[in-house]
Amino acid sequence: MPFARLAAATTPTCHIGLGLAAVGRPGYINLDRDRDLGEDRTVEALRERTHDLLDAAYAQGVRYFDAARSYGRSEEFLADWLRERPDVDDVVVGSKWGYTYTADWSADAERHEVKDHGVATYDRQRAETDALLGDRLDLYQIHSLTPDSPALTDKDLHARLAEAAAQGSTIGFSTSGPSQADAIRAALAVTVDGEPLFRTVQSTYNALETSAGPALTEAHEAGLTVIVKEGMANGRLADRHAPDVLKAVAEETALGCDAVALALILRQPWAGVVLSGAATVTQLGSNLHAAVIDLDGDQVARLGTLVETPNAYWERRSQLPWH
């Protein structure tokens, strides 16, 4: 598996990855994104911003980069960066299929993405991804698997994915929504010719939403690499919006709320990679401090009081506006 490259890395930040959801398109649901990106959100402006983030991340030891077909031009930006740096051969590149980007580079579109987990969408989007990333693609994930997704039962799709795996791709899935644990457990049961289909899982887990934890433990024990997304809860755990408990612990560590929030995830024994969704180089640098924070038992217990019910968390997330 390509994630063996990360196991061989020795930098403190090798278990932190960079997700490109916030910079591959002009609109997203992260809080304060207007302040982070400013008014210039042309394709070239976001391409340059993405390349700056990738440069900074790589220089500071980050070795996993995560894109998706629905993240606007994230695959294109990442492919350009890789092509311009042929000596960068020690990174792991992941992307996702299952959502089609429909906003036409507008932050005010009525619909930003359309979900479809059918075989036809997989075939089309895999060809699109291959055209951009080619043999640099290591991991291809089903985007936002839920318990009712046809991708869990579609044997034709499973055969396509197993064929891709036989040709060298790592196949994974991501999850979203209040039933993440159910989706993870259902995916763990999917096999082709008696062999597990999925080798990675990417799920939302943070100080506010911990419900996937037990299922992620099971996934880790089954041999899957666990990738954690939305560790900052779309900005709800950043300094300006952080709950008082998180601010207090951050003050004790003399680092930012963002670093503490990510450090809380990194201490989970099943966490293989924790994604930073930084939109600026400054945010990225602050996020990467998570690798050196050692939270004590009292601090962990106090942060544990922030947990919300899954339904409450995902209802709040669904109300976040696209900026």
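Visitor: Leaving aside its neighbours within four places in sequence, which residues is Asp258 in contact with?

Guide: Contact means heavy atoms within 4.5 Å. Asp258 is in contact with Met232, Leu237, Asp239, Gln283, Ser286 and Asn287, leaving aside neighbours within four places in sequence. A word on the source: this is a predicted model, where local features need pLDDT of at least 70 and side-chain atom pairs count only at pLDDT 80 or more, while totals for chains, interfaces and linings use all residues. Residues are numbered from 1 along each chain as its sequence is written, and side-chain values use heavy atoms, with hydrogens and water left out.

Visitor: Where is Asp258 found?

Guide: Helices (H or I, at least four residues) and strands (E, at least two) are DSSP runs, numbered from the N terminus. Asp258 sits in helix α10, residues 257-266.

Visitor: Is Asp258 buried or exposed?

Guide: Buried means under 20% relative accessible area, exposed over 50%, partly exposed in between (1.4 Å probe, protein chains only). Asp258 is buried, yet has no salt bridge. A salt bridge is a side-chain nitrogen of Lys or Arg within 4 Å of a carboxyl oxygen of Asp or Glu. Lys and Arg count as positive, Asp and Glu as negative; His and the chain ends are not counted. For Asp258, the nearest side chain of opposite charge is Arg35, 12 Å away.

Visitor: How many residues does the largest nonpolar core have?

Guide: In soluble globular proteins, nonpolar side chains tend to be buried together. A nonpolar core is a set of buried Ala, Val, Leu, Ile, Met, Phe, Trp, Tyr and Cys residues joined through side-chain atoms within 4.5 Å. The largest one here has 92 residues. Leu18, Phe65, Leu78, Leu161, Phe173 and Phe198 have the most contacts inside it. Helix α10 gives this core its largest share, 8 residues. Another core, of 8 residues, lies apart from it; Phe3, Leu6, Tyr64 and Ile227 are among its members.

Visitor: Which strands does the closed barrel run through?

Guide: Strands of a sheet pair through backbone hydrogen bonds, either parallel or antiparallel. Two strands pair if DSSP finds at least two bridges between them. The closed barrel has 8 strands, in the order β1-β2-β3-β6-β7-β10-β11-β12, with parallel pairing.

Visitor: What is the relative accessible area of Leu275?

Guide: It is 8%, so Leu275 is buried. Leu275 belongs to strand β12, residues 273-276. Leaving aside neighbours within four places in sequence, its contacts include Gly17, Leu18, Gln202 and Leu262.

Visitor: Why is β10 largely enclosed by the rest of the structure?

Guide: Because 5 of the 5 residues of β10 are buried. Thr200, Gln202 and Thr204 cover one side; Val201 and Ser203 are on the other. β10 (residues 200-204) runs parallel to β11 (residues 225-229), joined by 5 bridges. Ser203 stands opposite Val228 in β11, and Gln202 has Ile227 as its bridge partner there. Strand β7 (residues 170-175) is joined to β10 by 3 bridges, again parallel. Phe173 has Val201 of β10 as its bridge partner.
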